[in-house]
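This briefing covers domains, chain contacts and the nonpolar core. The sequence and structure come first, and the notes follow by topic.

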Amino acid sequence: MLSGFVASRDRTMIQIQNASKVYAAGAIEFRALNDITLSVERGEVFGIIGRSGAGKSTLLRLINHLEQPTSGRVTIENCEVGALDSKQLRALRQRIGFVFQHFNLLNSKSVTENVRLPLQVAGRLAPRAQRQRVQEVLALVGIADQADKYPAALSGGQRQRVGIARALANHPDILLCDEATSALDPETTAAVLQLLLDIQHRLNLTIVLVTHSMSVIRTMADRVAVLDRGCVVESGRVAEVFLRPRHAVTRALLAESGFDTSIPPAAAGDSLKHMIELSYDGAAAAQPLLTRIARESGLDFSILAGSAGRLKDTAFGRFTVELAVQDEAQLKRFLSVCDAHDVRAELQR
Amino acid sequence: MIEKTWSDLRAFDYWPEIGEGTLDTLAMTGCALLFTVIIGLLIGTLLFLTSPAHRSARPAYKRVQVWVYQLLSFAVNVLRSIPFLILLILIIPATRAMVGTSLGVRGAIPPLVIASAPFFARLVESVFREVEGGVLETCRAIGATTRQTVFWALLPEASAPLCAAITVTAIALIGYSAMAGVIGGGGLGDLAVRYGYQRFDTRVMLVTVAILVLIVQIVQWGGDRLVARLAHR
């Protein structure tokens with residue numbers, strides 16, 4: 001019992017407990033974050049999604065205390081960030097990479113000098129070793145040939161690669177990404193996300209990323225929290241949230257990214273026609289499920305809407321089907337067949 | 001007419017004084033500029049780091065910041081609101097205490113520095129504010145100390161606009177140094193006042209002005225070149 005508890009504690013990398021952030025301007029208070037509790041496990045990619053102004057960036061900045069929570073606490077590897085003195089906090093930040101939306105490169109410094117800055121700040125390596133490390137990370141992000149250029153001479157995608165290289169320079173355990181691809185065009189976005197995934201895999205990084213785009217969550221994240229007006233309104237495995245969104249904001253965000261969850265309009269008011277949403281992911285998705293369900297239940301249905309595809313490395317499917325039955329027993333049989341195949345079936349009406 | 005001008009110029013025998021005045025002006029301006037830049041950078045950086053946008057979340061730090069900012073800001077405003085000619089006279093005792101005399105090149109330097117350092121400090125503050133754009137946040141995120149932030153990020157990042165600000169200040173100083181001539185400060189201004197104004201010798205006045213124009217042109221040109229070299233845009 002105890003060992004299980006310890007193991008689960010050790011898997012937790014970042015823990016945010018009851019964190020609130022209140023900005024006070026005179027008598028007017030603005031609650032940017034309201035009682036946020038979430039935890040990020042070691043080696044996972046955790047996404048935070050929400051509209052602009054939802055508090056995503058503030059939440060991300062709580063983790064390395066670029067913003068101090070008004071109340072609540074942040075724990076990283078069992079070490080409470082708020083309790084650190086400024087020297088310890090600097091040491092902690094050196095172990096947490098931060099990737100900015102607008103890259104935040106120093107224009108007066110070359111690519112090499114930009115990436116070297118965190119190494120100089122940490123001061124653990126001799127100048128020679130620093131230069132070597134810079135070359136290593138530049139090679140890792142694929143811009144070793146741009147080392148002597150200045151940021152102004154680089155494209156957006158290349159600049160963000162420099163930003164990522166800089167964040168990786170000090171061998172961080174955690175990478176925080178604040179809308180890292182929002183300033184990039186779709187093609188570059190895909191390449192940068194791929195790079196991040198690749199790096200995360202190779203270095204076993206824990207990544208927390210903030211975005212307003214569901215497609216970023218879809219390609220990158222293992223788990224996701226949906227933020228709305230400073231509150232986490234929904235969180236869980238990405239497949240779970242994608243396939244069975246509960247909150248209106250999540251549905252709206254999904255719809256915007258072409259992932260419509262609304263139910264198609266009803267056909268004629270036939271009481272024995274049922275609208276059912278079937279969803280599945282993981283191992284089940286590899287099977288020819290729909291035809292199998294039809295065959296085993298002996299019932300035909302028509303597909304009204306749906307999609308199938310991949311979320312990071314799990315396959316998924318979700319279909320709204322219309323099923324005509326003669327009695328309740330048939331419906332029950334259909335549902336139990338679905339259940340047997342690990343397909344979630346939700347009766348819409 | 002032309003012949004008269006020519007003979008006037010041939011009879012113009014103040015070249016040694018002009019030469020000396022030019023050197024004095026350069027010495028005053030250069031020396032004052034050096035101190036202005038050092039003191040102004042210090043005050044400007046402090047103003048920037050303690051300004052309302054950069055207040056610490058820790059109450060104790062924040063109190064110190066507010067206090068430092070208000071003190072510096074007030075002092076800078078006071079010094080900047082006193083016209084230079086009046087400042088020159090006002091601080092004569094302080095000048096004597098600092099350099100032993102209120103006359104000549106040496107006597108001109110303290111008032112020049114006291115007048116231009118606050119001006120330059122405000123320029124530094126606004127240059128930093130302009131250039132900031134995430135530099136401070138980046139430095140905080142990589143765990144840099146304030147010292148590292150200033151010396152490794154803020155100053156390099158601001159080098160081009162700072163160079164432009166130094167150029168502006170240098171030119172203002174050349175003008176001020178001529179004014180210092182009025183109370184016996186030496187240099188071209190002194191020459192222009194004594195010969196050009198008090199002795200009605202327009203030639204000295206014209207030559208002085210021409211040299212000042214030339215110096216300002218050279219300083220501006222050099223400053224612009226340096227700014228272009230420092231800006232990696």
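**Domains of chain A**

In this predicted model, the domain assignment of chain A gives domain 1 (2–256) and domain 2 (273–347). Taken over C-alpha atoms, the centres of domain 1 and domain 2 of chain A are separated by 37 Å.

- The contact between these domains takes 10 residues from domain 1 of chain A and 8 residues from domain 2 of chain A.
- On the side of domain 1 of chain A that touches domain 2 of chain A, helix H8 (214–220) and helix H9 (238–243) of chain A each supply at least two residues.
- H9(A) gives the most to that side, with 4 residues.
- By class, that side of domain 1 of chain A has 6 nonpolar, 1 polar and 3 charged residues.

**Contact between chains A and B**

- Chain B brings 19 residues into contact with 21 residues of chain A.
- Helix H7 (135–141) and H8 of chain B are the elements that give two or more residues to the side of chain B that touches chain A.
- The most comes from H8(B), with 6 residues.
- This side of chain B divides into 8 nonpolar, 7 polar and 4 charged residues.

**Largest nonpolar core**

- The largest nonpolar core has 146 residues, and those with the most contacts inside it are Ala165(A), Leu176(A), Val208(A), Leu209(A) and Leu112(B).
- Helix H8 (residues 146–180) of chain B gives the most to this core, with 17 residues.
- Domain 1 (2–256) and domain 2 (273–347) of chain A both give residues to this core, so the core lies between them.
- Leaving aside neighbours within four places in sequence, the contacts of Leu112(B) are Met28(B), Ala32(B), Leu173(B), Tyr176(B), Ser177(B) and Ala180(B).

Note on methods:
Residues numbered from 1 in each chain as written. Chains lettered and ligands numbered in written order. Predicted model: local features only at pLDDT ≥ 70, side-chain atom pairs only at ≥ 80, totals over all residues. Core = buried A, V, L, I, M, F, W, Y, C linked by C-beta atoms within 7 Å. Buried ≥ 20, exposed ≤ 12 C-beta atoms within 10 Å, placed from the backbone. Domains from an automatic or database assignment. Contact = placed C-beta atoms within 7 Å. Nonpolar A, V, L, I, M, F, W, Y, C, P; charged D, E, K, R; others polar.
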